Amino acid sequence: MSSLENQTEFHKKTEIHTTPNDVHFRGSTDFVLITDHRTSKYRSEEQLLAEKPEETSIMKKIFRKKMLYKRLPILEWLPRYTLADAIGDLVAGITVGLTVIPQGLAYSNVAGLPTEYGLYGSFMGCLVYVFLGTCKDNTIGSTAVASLLTYQFAKGVWQRAVLLTFLTGIIEIGMSIFRLGFLVDFVSGPVSAGFTSAVALIISTSQVKNILGVKSEGASFLQRWISMINDIHNIQINDAILGISCVAVLIALRFVGRMKVGPKETTELKWYHKASNKVFWFMGIMRNATVVVVCAGVSMYLESQGKHYFRLTGNVPQGLPKPALPPFSIEAQPGNATAGIPEVKGETFFDMVGGLGYGLIIVPMIALLENVSVCKAFAKGNPIDATQELFAIGVANVANSIFQGYRGNSGLARSAVNNASGVRTPLANLYISIVVMLALVYLTKYFYYIPLTVLGAIIISAVIFQLQYHVIKPMWRSKRSDLIPGIVAFITCLVMPLEVGILIAIGVNLLFILYHSARPKISLETIETMEGYKFLKLTPDRCLIFPSVEFVRNLVLKSGNKTSLPVVIDCTYIYGADFTAAKVISSMIDDFKRRNQKLIFFNLKPSVVQIFEGLKCKLILCYNAESLIEELKDSDVPAQRVEFEVPPSLKIDMGNSDNQSTASTITLTKYQSK
């Protein structure tokens, strides 16, 4: 007997006896037919008219109250706005606004754009998010990832950067209309961690040049380090000392902000404990602004004394940018070698779009990933409307482009500050926007004295903590194979252009998914009914599609060849199939028919049956235990008992050495295939 033919009990409770008035199926309820015993005349006159839904116009569907509240979340929380909410939002908005200003100035250098563009992209997005945002902690502005992607695709040309912001915003709005927010699910956690870690190293490398004062050329991480090492003899000692000192101070203040004094229990804290903890927290939150103000003040004093020790940010245009459509072309401009002005080549709209290339796809995907990650971090288990967030960030970036801003995404660091500052609603973004606009109007003349090395230190001290090394250990413990796409994302994004690296990493991750779908798990068991009929049961755990169907077919044929029993495929978990699967199933049915072995499909969903019947597959279908037993009766003969005498000379070991009979009677159960 085959090893597959292990007897297991087929319980009575699995048998369901049905009558015409009591229809029950063990499998899919899609197969249940509900009939109306009245005539079609009565049904068409009375019921069909009553069941016909009311015709509503598209405009009525769009402007339903439920839809308006969903697409304008401000209508939901504004009527319940209180004085406590206003105070919390005001404090949080001013705190985050003072954090956004130095970050915006610093990230514009990452994007390869003039300093003011970092602030241009940090106020309109916040205003839009007040009306369209769903996460109270979220803020829209310049981020490390958005700045690096802008540099990768715009190549430091502000017209391309603004057009990239406009077009990706339009694409995000379109994605939200067609509910394509699910695309972010194709970027797994390991790929996201590898990508984020690579971005942190790339951005840190791009700012080392500002700290050391050396040249950094090249498109990849490795090329930039080689360039800096070759130019290390031109290091600016003053800038290097100031930059390294600022990095150390910023990291120290980061840890100071997390210090807690006094008992661990909140109820046991004294007033001076609470005051000290608040001071520590404020020092940590305001570390960027504090360092910028102090260093700018020192630099201003030294400049007034005629001592030019540091490379400075330079002139920043005063005032808000005038609203205008984004540039759809670039006019050619002659260069001036004497003044050091390079020549600008003209580009048409199609030239600019062609230059952006994959960025029109990669940037919205990464932006959605950033935004959803921030919302999940502060959702506290509440559901997230990814479609609405995608719509909000799309509209925000279209508004940014009208005011010459470059890409703005959700920033985890800013959102964490917002949350810690006691934000109550998205209205805090209004105060962030006001703080940034006031800075553009009144403080730009002081931005001139900010040393470039300080801005580089701010970026390095921020992104260095984005290295996702802490996920390696849990991933190793849970599923080690997940490390592969993460490592691929990390390495390819370092050694190749960023867009190529992320596409390769996503491709590798999809290969893992396809391999998993191509090798479904199939449980095999030999079952005996109470009536004495046996069959081989196979249960695939997923749908039958072209990568997996050959694997399933070979396993079914291999298992069927080892026994003459009928084979029953439990299709409970087969929720879909395709044309290739139908062809293979048809071939498998013919193979079983040639050797006179029955192949039964149990609980196969009608939608899948329709696919198989498209190729005229002669399926044997069963949807309950009673019909399955009837099919087994047609293929098997019940077990027969056969007795015969054993000669006395034959010793039979019955498991006991003392048990040796002179004659024995053996009863065998014989299963005979019809």
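Mentor: Axes that cross at an angle of 65 to 115 degrees count as roughly perpendicular. Please keep this cut-off in mind as we read this predicted model.

Trainee: How are two packed helices described?

Mentor: Two packed helices are described by the angle between their axes and by the distance between those axes. Here, helix α8 (residues 144-154) and helix α10 (residues 189-212) have axes that come within 10 Å and cross at roughly 70 degrees. The two helices, α8 and α10, are therefore roughly perpendicular to each other.

Trainee: Which residues of α8 and α10 make the contact?

Mentor: Helix α8 contributes Ala144, Val145 and Leu148, while α10 contributes Phe195, Val199, Ile202 and Ile203. Of the residues in this contact, seven are nonpolar, none is polar and none is charged.

Trainee: In which sense do β5 and β6 pair?

Mentor: Strand β5 (residues 567-570) pairs with β6 in the parallel sense, over four bridges. Within this pairing, Ile569 has Phe601 of β6 as its bridge partner.

Trainee: Which residues does the annotation "transmembrane region" cover?

Mentor: According to the unreviewed UniProt entry, the annotation covers several spans, among them residues 161-182 and 448-467. Residues 161-182 are 77% helix and 0% strand, with end C-alpha atoms 27 Å apart. For residues 448-467, the span is 60% helix and 0% strand, and the end C-alpha atoms lie 32 Å apart.

Key
Residues numbered from 1 in each chain as written. Predicted model: local features only at pLDDT ≥ 70, side-chain atom pairs only at ≥ 80, totals over all residues. Heavy atoms only, no water. Axes fitted to C-alpha atoms, helices over the stretch in contact; angles between N-to-C directions. Parallel < 35°, antiparallel > 145°, perpendicular 65-115°, else oblique. Contact = heavy atoms within 4.5 Å. Nonpolar A, V, L, I, M, F, W, Y, C, P; charged D, E, K, R; others polar. UniProt positions renumbered as here; feature names shortened; annotations may be inferred. Pairing = 2+ DSSP bridges.
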